[in-house]
Amino acid sequence: MTRPISLAWLTTAPMNPVEMLPLARRIGYTGVGLRALPAAPGETLPPLLTDPSFRRQIRDLARQEAIRVTDMEIVRIADSFRAADIEPFLDLCADLSVPHILVAGDDADLSRLASSFADLCALAAPRGISPALEFMPWTAVRDARTALSVVTTAAADNGTIIVDTLHVARSGTTTDDLRNIPRDRLAYVQICDAPADIPATREGLIHTARQARLLPGDGGIDLPAILASLPPDLPVSVEIPNQAAHVQHGASHWASMAFDATSALLRTGRPT
């Protein structure tokens with residue numbers, strides 16, 4: 001089954017979107033994910049929020065290349081979160097017709113986190129945006145069960161969940177946990193591989209996630225089992241950041257290698 005495959009921001013970061021969009025189209029991706037809010041302090045990002053002319057350039061380029069901006073990163077919900085503070089980010093996403101925004105849950109009070117997520121969904125809905133909560137083992141939303149609980153408690157029609165194969169393997173999430181997520185609560189699946197050994201520290205988990213993911217088939221994650229637990233029409237985001245591979249192959253060629261490995265996995269049901 002053919003389904004949309006997008007190029008995640010981290011796979012080629014910090015490549016300028018002016019280069020990233022045409023590259024993705026040449027390789028065969030149908031969409032790209034971009035980042036306009038930082039995941040960590042000091043991160044260098046394209047000026048999508050601050051430069052209206054750059055935003056127009058990306059909007060026009062996406063139309064010209066017939067490629068969609070499928071998701072935008074990253075909203076972090078901590079204890080002090082106020083949805084109104086990120087309305088400029090939501091306006092940006094609406095201007096670029098972005099359907100999903102990636103959300104990380106950093107508030108240990110899950111009841112308050114669900115309320116904040118509901119507030120975000122309420123502001124996003126009129127703009128045609130679905131906030132997508134990603135479970136990550138070093139955050140307050142560490143696994144699929146927690147993500148589903150938060151999204152269900154928020155009770156917003158446009159609240160969804162991202163499944164990242166790395167975080168499935170690192171969090172103890174089971175295939176049954178994935179099957180228990182209703183289809184209308186699933187935004188997309190992020191695909192990568194990684195070593196079978198799970199880092200023992202938070203720092204180790206983050207290092208792999210942001211700098212050392214592997215191509216499907218080059219690690220120890222049971223990708224076929226994860227994919228078999230998810231709907232076959234679920235859109236795919238190829239998120240495989242690897243700093244060493246950028247040095248060895250270059251970011252552009254790495255994006256092509258990632259697409260080929262992911263396409264083979266989706267086509268055959270197993271890594272090559």
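These legends describe close-up views of a predicted model.

Local features need pLDDT of at least 70, side-chain atom pairs count only at pLDDT 80 or more, and totals for chains, interfaces and linings use all residues. Residues are numbered from 1 along each chain as its sequence is written, and side-chain values use heavy atoms, with hydrogens and water left out.

**View 1. Helices α5 and α6 cross.**
Helix α5 covers residues 110–124, and helix α6 covers residues 144–154. Helices here are DSSP runs of H or I with at least four residues, strands are runs of E with at least two, and both are numbered from the N terminus. The two axes come within 8 Å and cross at roughly 60°. That makes α5 oblique to α6. Axes are lines fitted to C-alpha atoms, for helices over the stretch in contact, and angles run from 0 to 180 degrees between N-to-C directions. Angles under 35 degrees count as roughly parallel, over 145 as roughly antiparallel, 65 to 115 as roughly perpendicular, and the rest as oblique.

**View 2. Residues of α5 meet residues of α6.**
From α5 come L110, L113, A114, F117 and A118. They meet T146, V150, V151, T153 and A154 in α6. Contact means heavy atoms within 4.5 Å. The contact residues divide into eight nonpolar, two polar and no charged. Ala, Val, Leu, Ile, Met, Phe, Trp, Tyr, Cys and Pro count as nonpolar, Asp, Glu, Lys and Arg as charged, and the others, Gly among them, as polar.

**View 3. Strand β2 is largely enclosed by the rest of the structure.**
Five of the five residues of β2 (residues 31–35) are buried. Buried means under 20% relative accessible area, exposed over 50%, and partly exposed in between (1.4 Å probe, protein chains only). G31, G33 and R35 lie on one side, with V32 and L34 on the other.

**View 4. Strand β2 pairs with β1 and with β3.**
Two strands pair if DSSP finds at least two bridges between them. β1 and β2 pair in the parallel sense over two bridges. S6 stands opposite G31 in β2. β2 and β3 (residues 68–77) pair in the parallel sense over five bridges. The bridge partner of R35 is E73 in β3.

**View 5. Helix α9 has buried residues.**
In α9 (residues 202–211), G204, L205, I206, T208 and A209 are buried. Their cover includes α1 (9–12) and α7 (165–171).

**View 6. T2 lies in the segment before β1.**
T2 counts as exposed, at 81% relative accessibility. The C-alpha atoms of T2 and S263 are separated by 9.4 Å. Along the chain, T2 and S263 are 261 residues apart.
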